[in-house]
Amino acid sequence: MTLGLINANPVVHAKKERVARSEDPHADDAVDPLEIYDHVRDIRDPEHPYSLEQLSVLSEESITVDEKLGRILIMFTPTIQHCSMVTVIGLCLREKLKDCFPPHFKVDIKVAPGSHADEESVNKQLNDKERVAAALENPNLRQLVDECLYSSEL
Amino acid sequence: MAELSELTRHIESYVDTSRSPSEQVASLRAITSLLKKNLLPIEILVREMGLYLTSTDSVIRCRGILLLAESLDCLSSKPLDTSTIHSLIIFFADRLADWKALRGALVGCLALMRRKDGVGIVTISDALAVTKSYVHNLHVQSLAQHDRMLCFELLECLLENYPDAIVSVGNEIFYAICEAVDYEKDPQCLLVAFHIVELAMRLFPDLYGPSDGIVGEIFDTLGRYFPIHFTHPKGEDVDVTRDELSRALMFAFTSTPLFEPFAIPLLLEKLSSSLPLAKIDALKYLSHCTLKYGADRMEKHAVAIWSSLRNIVFSSSQEPVLSFDCESVDGIGFSDDDIAKEALTVLEKLFMQNSVLFLNLIVNDEDINLIFDNINSYMNFSNISLQSKRKIHGVGCILATAARSTVFSCNRIFESFFPCLMNTLGISILKPSDNMSPSGKHAVSGTLNFGALYLSVIVLEACRDLTVGSAQVASFPTHETFCCMLERFSASLARDFISYVGRGNETSMADVFLGVKGLQILATFPGSFLSMPESLLEYILTALVSIITENFQGTLSWNLALKALVNVGSYIEKYHESKKEISYMVVVEKIGSLLTAAKCMMPYSRKLEAVSEVGMSGRNYMLKVVPRLEEAIFTNLSDLYVNGYMGPAENTVRLLECYTNKVLPWINNSEGFDEVLHLFVINIWNQIECCKHFSTRTEEKDIFEATMKTMKFAVSNCSETSHNAIVQKAYAVVSSCHFFSWNESAVNHVEMRGLDISHELKLSIRDRWVLSLFASVIMAIHPQTRLPDVRATLWLFMEMLLKGHVPSAQALGSLVNKFGSKANGQSTLDEAMDIIFNTSISHADSAYGISMGIGDKSTMNLADLCFGASNSRLLQINAIVGLAWIGKGLLMRGHEKVKDIVMILLECLSSKGGRHLRQDSGQENCEQDVSSSVMTYVADAFHIMMSDSEVCLSRRYHANIRPLYKQRFFSTMMPMLQALIIKSDSLFQRSVLCRALAYIMSETPLVAVLGEAKKLTPVLLDALLMFSKDNLDKDTMYSLLLLLSGILTDKSSQEVVIENAHIIINCLTRMVSYPHMMLVRETALQCLVAMSMLPHSRIYPLRTQVLQAVSRALDDPKRSVRLQAVRCRQAWSSSPVTT
């Protein structure tokens, strides 16, 4: 862990307005990117008291979902190229989605192409089941992830 | 002397700063009460306090003066003589110089200055002394907030109560004000400060010459506060809002026209601010300033104001700049852009004030003229860029505002722009000889030009608004220029508009919209202004009608045309345009005749919509339309009776629905339709009376039900007097039917022959119609209505309900609900009950009745039938259903006889009733089946009794409803049913009892049930599990679940919930996957969230079970359920952390 903040002065964006879904009882309620986005947009950044949405790490467009095949793909954009927090953000996303969706969904989490210096290895690490499991066994990491997920600072 | 020593004690305690505040308040109170009771003259007090008032110790002096001031403050209504007041005020005025003890001096001055006339007030010369002392001694900005506030209040008080004193001080006061207000930041102080400036400026209306500098200086101080930017956190104890401050500042700005040279440039500068709030404020101030400063002063800034306002209007940032749909047909404008709206308000005020100047500005404006020069680039709506749309919309709004403001400006706008627009559209003045026929395929004279069309429509609309508004004010010069121009162009304009609409398919929606709107505007010009030939109005109306009748494929143009027609109708009705009404009546006739016109290809639903909408635009039109509708109903029905009706059945249903759902409610709200309704009902009966044989087609259920509903609605909307006649008529028809077996001579022993189910089928179709319609009439009448023959009616309904005719049962329920006491010679409720319960009923196959030992005759009564005294299971069920409706009628009026009915029903449920059947038959299984289904009907009876029915016994049908009857019934039934549940010996019986109790619970208000939560929770859970097995009782199940959630969230029932946590969770986890209703799953999950708040030790063992159930819900097909599931899962999985 480096001392001090990795990105000391991030650009903060406005929160987008939450659109209330129409109350149509016969609507097709399949899982869509917005639903996933609504679950993850309020995850706190590991470094700053802002949500991933405010830091533009995530957007609705960066999420794709195929309900039939049961696949979710999230591409997120770290605020700076050398961000060492990408793995923590990835862990948070994975944990959150595990809570919010049934286990038959296969979740892929990647950094957006070209947004990180170490893109390939990061992607590999994020989708490695055993490394994810091991990371979450680490009490320090676990605590950090929980703080991000259930933080009331926002 | 004792008093004096006590007084000294009080004074000392107040002055001593080491005493607690409460002690000080107490001593102040003691002193003022002495003063009030005249036990202590104020002079003595002053003398006693002498030392404190003049002490060299500033702390003691301060407290002393404050004590005197505070006690004076409390004596505001006690008369004091002039010399006392004089010496006191001089003292306080003098003390204003003593900055160390200022508080007391300020409070004292204020207390004295605020005194009312009649109890002794400060003289002007004394006020002058105060003012002078104030001006010389006070440095307001160096004081703390509270003292500043007092200073401001003192000055405000002086300005309000002693203007003469202030005037004689002269200009000096302004320097004092400037000094005081400058850099003030406290909102409360500012509010007073703004008011001070406003008052002061009013006092000196003519500050001229050397004082000019003062005005500038004051405005300089004031102007810094504009625009008010107020970011005080809400939690603090400031009760001043930004709006209040802004308004106070606005009044200060406009207090004198002298501010004009400073204020207007400042406001104009702020108009270009990027803060929307500043813009709106500046516009508001500007319109207020316009009124207050006067035309002469504003003239100087006209050009600057005009150009900034124009820019604002042009750059208005509303996204869909021009939207054309049905909703906006009432007015084209900025939907919710406050800034542009405010700018147009300012413009309107300026136009009213100085029309000539501003009109010149508009007419000579380069931007506007540029648009008119390039109007050809606005040919087609879809090709115009957003920027241009904004521009043309802005121009439209400006022109409309100008035209709407005064007659003069309207003339000017017409003169300057109208010919150009007409030219562009290619409209020439039509010669009277020209043939005006809408159907004729006139050559399209105009060129297609959206921009010109839009502008002309919007100007016309403004012009119409102006004339309609001033038509109320009689003094309006006729034959204005614009009227003459319009008269010349109206005919060709109308033709052009029609051609735009006619090209509906090829042109964009905008053109159709504008065309229809133009027609509507032309038709709604007041006759006194625009002497439009009647033929033109007819021409327009015919065009609109022809759109409706011919162009029914185009949804937009059809809807628009109908809406325009309706608007024209309501305009004529509202302004009593008698000439136009004649033409419009023709339209109404034409639309009305659509219903019966076989040739017209229009879809029936469209026809109905057109007819009902046009009818609802005015009372006179409705009077024309209703007979048409009724005529159509009669033709359809008679067709149906005789020929089996050739047309599609749904048309009749639609017609009846339109009549009941749209027309009847409208009629209900307006007067003068009683006769019409009465005749309608009577005519339906006449029709049925005449027609002796019905075709088989008549059996169709939809038509049958719709007719019943119409009958009920129509009757319930009739007056009480016509009810009597209607019932007479209906009864006459019913009694002529052959099923009506009432025999006057055999009153006491009427036999019902052949009472088996096969008999029901013998009831002919006509008989069934007559009977059902009669039942409908009975359901809808007023309680006061006289029935021709009550006994016969009761008999009839009794017989029919036993044959399974449910409307008869409902009518019987309504009858017992509405019976009065023995007032007007009618039979009373008791007699009716006697007939219902004690009539002996014989049955063809009643061997069982004998073996029961009821008597040696083969007779039984209603109760026996319910117990299954006859062998026919269907008869038993019919009796139970009938009993339920009768019970409902009694229950709603709160009659005690309902107990008897409940006892019969309970008897059926209890073991004895259940066993009757089982003992008797050899085939055990079969009989148990019968018995079980019968018992289910008994449980359903409670549902009928408790639930609100839409069919009968509601407020609409004049039912007799006692307040809180549901609570009452719940509290009597609950213990009984519970006792039965405990005693019940079979599983099935228990489930039926549970079901009955569940029906009662689900309809009872939550508050009543909460009190019994402890006893009810187990039953509630049982019932929930029982209902979850099928989808028949979704709604009851949902309301039970809501009840459960009410119990879970209520504090008082916490204990019960903890006790039963295990079974509640068991039940809820099953509800989570209830497949038939989403709301049930969602509510169950919410209940589980509520359960997670329980003590950790109690719910921990259940955690795994809940989490498993919830994780299944994560995969629910409905999104809202999934969201609840996530929430629930989080609540349960994080619970170990929180506890």
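How many salt bridges does the rule find across the interface of chain A and chain B? In this predicted model, the rule finds three salt bridges across that interface. One of the pairs consists of the side chains of Arg1119(B) and Asp32(A), which meet with a nitrogen-to-oxygen distance of 3.3 Å. Helix H1 (33–40) and helix H2 (86–100) of chain A each supply at least two residues of the side of chain A that touches chain B, and H2(A) gives the most to that side, with four residues. By class, the side of chain A that touches chain B is made up of eight nonpolar, three polar and eight charged residues.

The extent of the interface can be described by contacts and by area. In terms of contacts, 19 residues of chain A are in contact with 10 residues of chain B. The area buried between chain A and chain B comes to about 1200 Å², and carbon and sulfur atoms give 43% of this area. On the side of chain A, the residues that lose the most area to chain B are Asp29(A), Glu35(A) and Asp99(A), which together account for 38% of what that side buries. Between the two chains, five residue pairs are counted in polar contact, with both residues at pLDDT 80 or more.

Over all chains, a search of the whole structure finds 39 salt bridges. Arg1119(B) lies in helix H56 (residues 1119–1133) of chain B, whereas Asp32(A) lies in the segment before H1 of chain A, so this pair joins two chains. The two partners fall into separate accessibility classes, in that Arg1119(B) counts as buried at 11% relative accessibility, while Asp32(A) counts as partly exposed at 21%.

Salt bridges are also found within each chain. In chain A, the side chains of Arg41(A) and Glu53(A) meet in a salt bridge with an N to O distance of 3.0 Å. This pair links distant parts of the chain, with Arg41(A) and Glu53(A) both placed in the loop between H1 and strand S1 (63–66) of chain A, 12 residues apart. Both Arg41(A) and Glu53(A) are buried. In chain B, the side chains of Glu461(B) and Lys517(B) meet in a salt bridge at 3.3 Å, N to O. Because Glu461(B) lies in helix H23 and Lys517(B) in helix H25 (residues 509–523) of chain B, the pair ties together parts that are 56 residues apart in sequence. Glu461(B) is buried, with a relative accessible area of 3%, and Lys517(B) also counts as buried, at 1% relative accessibility.

Chain B contains 57 helices and two strands, and buried residues make up 56% of its 1139 residues. Of the contacts in chain B with a separation of 6 or more, 76% are accounted for by residues 24 or more positions apart.

Individual buried residues of chain B illustrate such surroundings. Val902(B) is found in helix H43 (residues 898–909) and counts as buried at 3% relative accessibility. Apart from neighbours within four places in sequence, Val902(B) is in contact with Met945(B), Phe969(B) and Met973(B). The C-alpha atoms of Val902(B) and Lys1034(B), 132 residues apart along the chain, are separated by 25 Å. Ile427(B), by contrast, is found in the loop between helix H22 (407–425) and helix H23 (450–472), and is buried with a relative accessible area of 8%. When residues up to four places away in sequence are not counted, Ile427(B) touches Met422(B), Phe489(B), Ser492(B), Leu493(B) and Asp496(B); between Ile427(B) and Asp496(B), which are 69 residues apart in sequence, the C-alpha to C-alpha distance is 7.5 Å. Thr1036(B), located in helix H50 (residues 1034–1049), is buried with a relative accessible area of 5%, and with the same exclusion of residues up to four places away it touches His943(B), Tyr999(B), Ser1002(B) and Phe1027(B).

The structure holds zero disulfides over all chains. The sulfur of Cys157(B) is 9.8 Å from the closest cysteine sulfur, that of Cys109(B), and is therefore too far away for a bond. Likewise, the closest cysteine sulfur to that of Cys397(B) lies in Cys410(B), at 16 Å, which is too far for a bond. Cys157(B) counts as buried at 5% relative accessibility, and Cys397(B) counts as buried at 6%.

Technical notes. Residues are numbered from 1 along each chain as its sequence is written. Chains are lettered from A and ligands numbered from 1 in the order in which they are written. This is a predicted model: local features need pLDDT of at least 70, side-chain atom pairs count only at pLDDT 80 or more; totals for chains, interfaces and linings use all residues. Side-chain values use heavy atoms; hydrogens and water are left out. Contact means heavy atoms within 4.5 Å. Buried area is the accessible area (1.4 Å probe) that two parts lose on being put together, summed over both. A salt bridge is a side-chain nitrogen of Lys or Arg within 4 Å of a carboxyl oxygen of Asp or Glu. A polar contact is a pair of N or O atoms within 3.5 Å; within protein, one must be able to donate a hydrogen and the other to accept it, and residues adjacent in sequence count only if both atoms are side-chain atoms. Ala, Val, Leu, Ile, Met, Phe, Trp, Tyr, Cys and Pro count as nonpolar, Asp, Glu, Lys and Arg as charged, and the others, Gly among them, as polar. A disulfide is a pair of cysteine sulfur atoms within 2.5 Å. Buried means under 20% relative accessible area, exposed over 50%, partly exposed in between (1.4 Å probe, protein chains only).
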